[in-house]
Amino acid sequence: MRHLISPLDFTTEELDKLFDLASAIEQDPQKYAHVCDGKILATCFYEPSTRTRLSFESAMIRLGGQVIGFSDANSSSAAKGESVSDTIRVISCYADICAMRHPKEGAATVAVAKSRIPVINGGDGGHQHPTQTLTDLLTIRSLKGRLGNFTIGLCGDLKFGRTVHSLIHALVRYPGIRFLFISPEELRIPDYIIEMLKEKKIPFREVIRLEDVLPDLDLLYMTRVQKERFFNEEDYVRLKDFYILTAEKLKLAREDMLILHPLPRVNEIDVEVDDDPRAAYFKQVQYGVYVRMALIMTLLELA
Ligand code: NCD
């Protein structure tokens, strides 16, 4: 039985197959409308979510399956002190596959140890968010036609942003990737990622000003400052509007640069940018459904 805990759980060849399936679903969704008839997905979300939970639920329903779950830890037995291990043993009796989000790093790994059904990590604290990474990769592959030979700028909260951490781990396996990390000093990319890049001899640079590197980028991945992972409100308030991408700033960027964002957006991309043809963040949302449909099929061995 397979799970998805980290983006590295699939080889790049397996990812290619998954993305081919997602693209086939995009071309002809009707063909897949009954693939999961009789199957149940459980969504166990101990942390807020709009896209990840609802895209999983939409994906399962579009495949003909059904959905159960909770979207708030307080409405589950977690509020009574039940452990993730016990909860997944119970969920294994109710569902065929489970997508889980938890504020603690490693929670999905704990669940896997006791699960009788495939577990998908829908985000574990500031650690990983592999299905957002699959969404990001499918978006890049679909809109750029390739998954290598890019200069990518990751901008914003690189310290706490799990989507960033996951995406970097996935991208280092493709050729010709150069990273530009754009963040204030306080929100720098964690040292363990820097060490990993040095070890693999992957080129990267850390900068503070977005304008300094904007002209060099093939891809710009904007992120929200992760309010919920700050220890004090004052630091958050000081840093939350550090970057605001505007139409004016975008004049510095290449005509074919893609602007990605896992969403939710707060202030870091001005709404006027939404009409720019380079803005791909709402397209990402749609790819997120196709890729989760492909993932559910793959983990249930229905692909
Ligand atoms: C992200 C997350 O939860 O990490 N959201 C998402 O799933 N698309 C990004 C964020 O919350 O900033």
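Lys201 turns up in the loop between helix H7 (191-199) and strand S7 (204-207), where helices (H or I, at least four residues) and strands (E, at least two) are DSSP runs numbered from the N terminus. Although Lys201 is not a glycine, its phi is positive, at about 55 degrees. All this comes from a predicted model, in which local features need pLDDT of at least 70, side-chain atom pairs count only at pLDDT 80 or more, and totals for chains, interfaces and linings use all residues. Residues are numbered from 1 along each chain as its sequence is written, and side-chain values use heavy atoms, with hydrogens and water left out.

Another loop, between strand S9 (258-260) and helix H11 (281-299), holds Pro264. A cis peptide bond links Leu263 to Pro264, with omega at about 5 degrees.

Both Leu263 and Pro264 belong to the residues around the ligand, meaning those with a heavy atom within 4 Å of it. Also among them are Arg51, Thr52, Arg101 and His129. By type, the shell splits into three nonpolar, five polar and four charged residues. Domain 1 (7-128 + 287-299) and domain 2 (131-284) each supply at least three residues to the shell, the domain bounds coming from an automatic or database assignment.

As for polar contacts (pairs of N or O atoms within 3.5 Å), a side-chain N or O atom of Arg162 sits 2.8 Å from an oxygen atom of the ligand. Gln226 likewise places a side-chain N or O atom 2.8 Å from a ligand oxygen. Leu263 uses its backbone instead, with an N or O atom 3.0 Å from a ligand nitrogen. Helix H2 (51-62) and helix H6 (162-171) are the elements that give two or more residues to the shell around the ligand.

Methods. Polar contact = N/O pair within 3.5 Å; in protein donor to acceptor, adjacent residues only side chain to side chain. Nonpolar A, V, L, I, M, F, W, Y, C, P; charged D, E, K, R; others polar.
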